[in-house]
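Have a look at the model first, then read on.

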Amino acid sequence: GQPLGHRRLSLKPVPKLPNMEAFLREALVKVKKQAQGCLAPELCFQAVKAATEQPFADGVRKEQELFRILMTSGQAPALQYAFFAERAVQKWTTPRGASWKSASPQPIHKAAVIGLGTMGRGIVTSLVKANIPVVALEQDLECLNTGRKAVMLLLEREALKMEQGAQALDFHNPARLQFATDFDVLHDVDLVIEAVFENMALKKEIFHKLSRICKPGAFLCTNTSALNIDEIASATSRPQQVIGTHFFSPAHVMRLLEIAFGCHPPPPAIATAVQLAKVLKKVGVVVGNCFGFVGNRMMFPYVQQAVFLLEEGSRPEAVDQVLEAFGFKIGPFRMSDLAGLDVGWRSRKGQGLTGASITPRTPARQRHGCRYSPLPDLLCENGRFGQKTGRGWYQYEKAGGRTAKPDPWLHNFLCQYRDTHGIKTRFIDQEEILERCLFPLINEGFDILAEGIASGPEHLD
């Protein structure tokens, strides 16, 4: 029995908040920080701001104008391309004719992760979040306890995020998550992901054990970022069950999962890994077997040029700033600190590029007739492994800290290094930084395509 007044929202005045200007200012700072080079979020903000300041019809006109700017920008087709590329990579093929059409994935009722370092912890977290029961294995009780604490901390953080979305995360139940030091508990798992150090001998030893203990149908996966899948598979009695599942750090956050197959491309193993990626809400990209596969192989020349720029007069924060302004979520030096400088150091030692195996009288800045920078090796020799030690290319508030700050020690160290090697410094502008880092990455991508390591440009992108 009440009279019906105007109910149309467009005719209602927008309530004025006393702190509206300060609120909008703070919101814009947040949006810019999260958007990092993306137009759309910032223009969405401008549309909302217009709604608070202008009459409805004027606000709508402003929104249309902003939408036209986005439609005609280069970012719209780029985002559309990225959207369709993510879907195109689901349709994988191998040089021997196996493809997504003919291969069926096998169900994963229980998985295991070997090694609870940075990568292993993230992989365990991803599996638990996907409701796959997990066994987490470490070599001894001390490492297991350290790993367990770190995993529980990660899961508690994830549970808090998920509670806000009204979804519970059950990780205190031993049937969902079990910690162990004995390989025999792996006898009934459907899939094992090995995530130990990048050391071929260690990986082969583990895979030899796995092929003896795991049930015949179990898939044996390696999280290697660069090593030869076939050599790892040669340590087993079932090479056709071995596949590379290379997660990117931090594994519970990064959406990319590189699925690498060797010379025994097993269609059911590839199909199962692709299906696993979907269940983990990741983008699974099937690639061939070569040193570094696709992601890291393209990353090597990119990071190498970034380090060369430091030798010539730049600073880590200057290089990162340029690449982040271009649109990268994180620059090469912040990325290295996050992943851990010791990972690359261990790999270079294995390749004989640094460490005890290097031949005497090898020039400090040359390897195999090509330019080489020992700067990352020298940082590792000083115990600077990145975020995990609180010092790397940047300094952090503590070991395990996340806030990167320019480090005067490093700036001083770079000056001494240049003096030692007689390098004349020069001013390096933003355009040179961008081109020097991006062009080698793109060129490497063309080589990968030419060699058939990736079956299409979408896989690289």
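Start with α10 and α16: α10 passes α16 in a right-handed crossing (a crossing is right-handed if the near helix is turned clockwise from the far one by less than a right angle, and left-handed if anticlockwise). Keep in mind that this is a predicted model, where local features need pLDDT of at least 70 and side-chain atom pairs count only at pLDDT 80 or more, while totals for chains, interfaces and linings use all residues. Residues are numbered from 1 along each chain as its sequence is written, and side-chain values use heavy atoms, with hydrogens and water left out.

**α10 and α16**

- Helix α10 covers residues 295–312 and helix α16 covers residues 430–450; helices here are DSSP runs (H or I, at least four residues), strands are too (E, at least two), and both are numbered from the N terminus.
- The two pack at an angle of about 155°, with their axes 8 Å apart (axes are lines fitted to C-alpha atoms, for helices over the stretch in contact, and angles run from 0 to 180 degrees between N-to-C directions).
- That angle is why α10 and α16 are roughly antiparallel to each other (under 35 degrees counts as roughly parallel, over 145 as roughly antiparallel, 65 to 115 as roughly perpendicular and the rest as oblique).
- On the α10 side, the contact (heavy atoms within 4.5 Å) includes Met-298, Tyr-302 and Leu-309, while the α16 side includes Ile-433, Cys-437 and Leu-441.
- Sorted by type, the residues of this α10 and α16 contact are 11 nonpolar, 2 polar and 6 charged (Ala, Val, Leu, Ile, Met, Phe, Trp, Tyr, Cys and Pro count as nonpolar, Asp, Glu, Lys and Arg as charged, and the others, Gly among them, as polar).

**α10 and α12**

- α10 also meets helix α12 (residues 332–339): their axes come within 10 Å and cross at roughly 115°.
- So α10 and α12 are roughly perpendicular to each other, and α10 passes α12 in a left-handed crossing.
- Among the residues that meet are Met-299, Tyr-302 and Val-303 in α10 and Pro-332 and Phe-333 in α12.
- The α10 and α12 contact has 9 nonpolar residues, 1 polar and no charged.

**α1 and α2**

- Helix α1 (residues 20–35) packs with helix α2 (residues 39–53) at about 165°, and their axes are 9 Å apart.
- α1 and α2 are therefore roughly antiparallel to each other, and their crossing is right-handed.
- Residues in the contact include Leu-24, Leu-28 and Val-31 of α1, along with Pro-41 and Phe-45 of α2.
- By type, the contact of α1 with α2 has 8 nonpolar, 1 polar and 4 charged residues.

**Domains**

- The protein is split into domain 1 (5–72), domain 2 (111–289) and domain 3 (295–459); the bounds come from an automatic or database domain assignment.
- Taken over C-alpha atoms, the centres of domain 1 and domain 3 are 41 Å apart.
- The unreviewed UniProt entry puts "domain: 3-hydroxyacyl-CoA dehydrogenase C-terminal" at residues 292–396; such annotations may be inferred rather than shown by experiment.
- The span 292–396 is 51% helix and 4% strand, and its end C-alpha atoms lie 29 Å apart.

- Most residues other than glycine have a negative phi, and most peptide bonds are trans.
- The bond from Ser-249 to Pro-250 is cis, with omega near -5°, and Pro-250 lies in the loop between β6 (242–247) and β7 (256–260).
- Asn-131 isn't a glycine, yet it has a positive phi of about 65°; Asn-131 is in the loop between α5 (118–129) and β2 (134–137).
- His-368 isn't a glycine either, and has a positive phi of about 50°; you'll find His-368 in the loop between β9 (366–367) and β10 (370–371).
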